[in-house]
Amino acid sequence: MPKITVLNHEIIKELLPLDKTLELVEAAFTEFYQQKSQLYPAVRELVPNHHGIFGIKSSYLLEDQCIGLKAGGFWSKNTERHKMNHQSTMVLFDAETGEPICLLDANYVTIMRTAAAGAIAAKYLARKESEVVSVIGSGTQAKAQVEGLLHLFPIKEVVVYSRTVESANHFVRQLLEKGVAARFTHSPEEAVRTADIVITTTPSFSPVVQTSWIKAGTHISAVGSDTIGKRELMIDKPVDKVVCDYWEQCSIMGELQYGFPRHELYAEIGQITSGDKVGRQQANETTLFDTTGLSIQDLKTAFHVYKQAKKNGIGQTIML
């Protein structure tokens, strides 16, 4: 019978600092482009009876000899239950034997790897001197995205727009308490007009931001659209460089699902992190990163946590 290591939220949080997550996710993008990992087709389905979206994402890290899957999704009514809207769990398997080796809470992994993806894209596509961030949305991922940018850029102001005013004001207060200048606005257009970096993190099924509102030289990270029918952006003005994490996925469930032609895509992010393509080249370029989240990000970070837990004798072991 296989032995399985079980890791809870607190253990994962202890073993997955932001610095390490940035390193792991950037490596995951590069390795995927270099065919050192394999991505399997994602499942993403609406569960209307329970106001949910359920998905399964899986992949294979060749050098680590690990296969893994993440199952979970987004339940919009969970806020009323005082639970997280996003819920997910991961299982890791030994690629040689197919035996399960680890079961772990994936909520923190998802938060961190998504924040890292946005920060890494901005690292290559935003202007290095970017100071003003506009964040559309005020949930867990909005906060994580801003944290990633604060780690890499000399941010002087964060402008928050959210339809949930109470949550947005709470987010602003948290930033002010950390010494970061922040303010709330009732207008998404006003929020993005002066931004150097725009982050969209909503579960919206209709556009919230128009690219015609964006000033030249701004970088946009579109994070929220990860399901067929979701949409945060109206690309009513061309963007100079459009980059995605994986075309086959973004063209089905990301911002690029709305008739964006493949030949207009500048690059997948792994082409840039690997050095095969450059990111931003001019100060006045407007750039867009569309991310739907890849299983290789989850698996790369989760496998690191698993190895650290085994090394340090952390976690619970159970027999199946």
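Good morning. Phe 32 is buried, at 15% relative accessible area, where buried means under 20%, exposed means over 50% and partly exposed lies in between, with a 1.4 Å probe and protein chains only. The model is predicted, so local features require pLDDT of at least 70 and side-chain atom pairs pLDDT 80 or more, while totals for chains, interfaces and linings use all residues. Residues are numbered from 1 along each chain as its sequence is written, and side-chain values use heavy atoms, without hydrogens and water.

I begin with the aromatic rings. Across the whole structure, a search returns 2 aromatic pairs. Rings of Phe, Tyr and Trp (its six-membered ring) pair if their centres lie within 6.5 Å; planes under 30 degrees apart are stacked, over 60 edge-to-face, and the rest tilted. Phe 32 pairs with Tyr 246: the centres are 5.2 Å apart and the planes stand at 85°, so this pair is edge-to-face. Because Phe 32 belongs to helix H2 and Tyr 246 to the loop between strand E15 (241-244) and helix H7 (247-253), the pair ties together parts 214 residues apart in sequence. Helices (H or I, at least four residues) and strands (E, at least two) are DSSP runs, numbered from the N terminus.

The other pair, Phe 303 with Tyr 306, is tilted, with 6.0 Å from centre to centre and 35° between the planes. Both residues lie in helix H9 (residues 295-312), 3 residues apart, or about one turn of the helix. Phe 303 is buried at 10% relative accessibility, and Tyr 306 is buried at 12%.

Helix H2, residues 18-33, also holds Glu 31. Its relative accessibility is 17%, so Glu 31 counts as buried. Beyond its neighbours within four places in sequence, Glu 31 contacts Lys 36, Ser 37 and Lys 300, a contact being heavy atoms within 4.5 Å.

Next, charges over rings. The criterion is NZ of Lys or CZ of Arg within 6 Å of the ring centre and within 35 degrees of the ring normal. Arg 231 lies over the face of Tyr 258, 4.2 Å from the ring centre. Lys 277 places its charged end over the ring of Tyr 266, at 4.6 Å from the centre.

Finally, the backbone. Most residues other than glycine have a negative phi. Gln 35, in the loop between H2 and strand E2 (37-39), has a positive phi near 60°, and Gln 35 is exposed at 66%. His 82 also has a positive phi, near 60°; His 82 lies in the loop between strand E5 (66-75) and strand E6 (86-94) and is exposed at 77%. Thank you.
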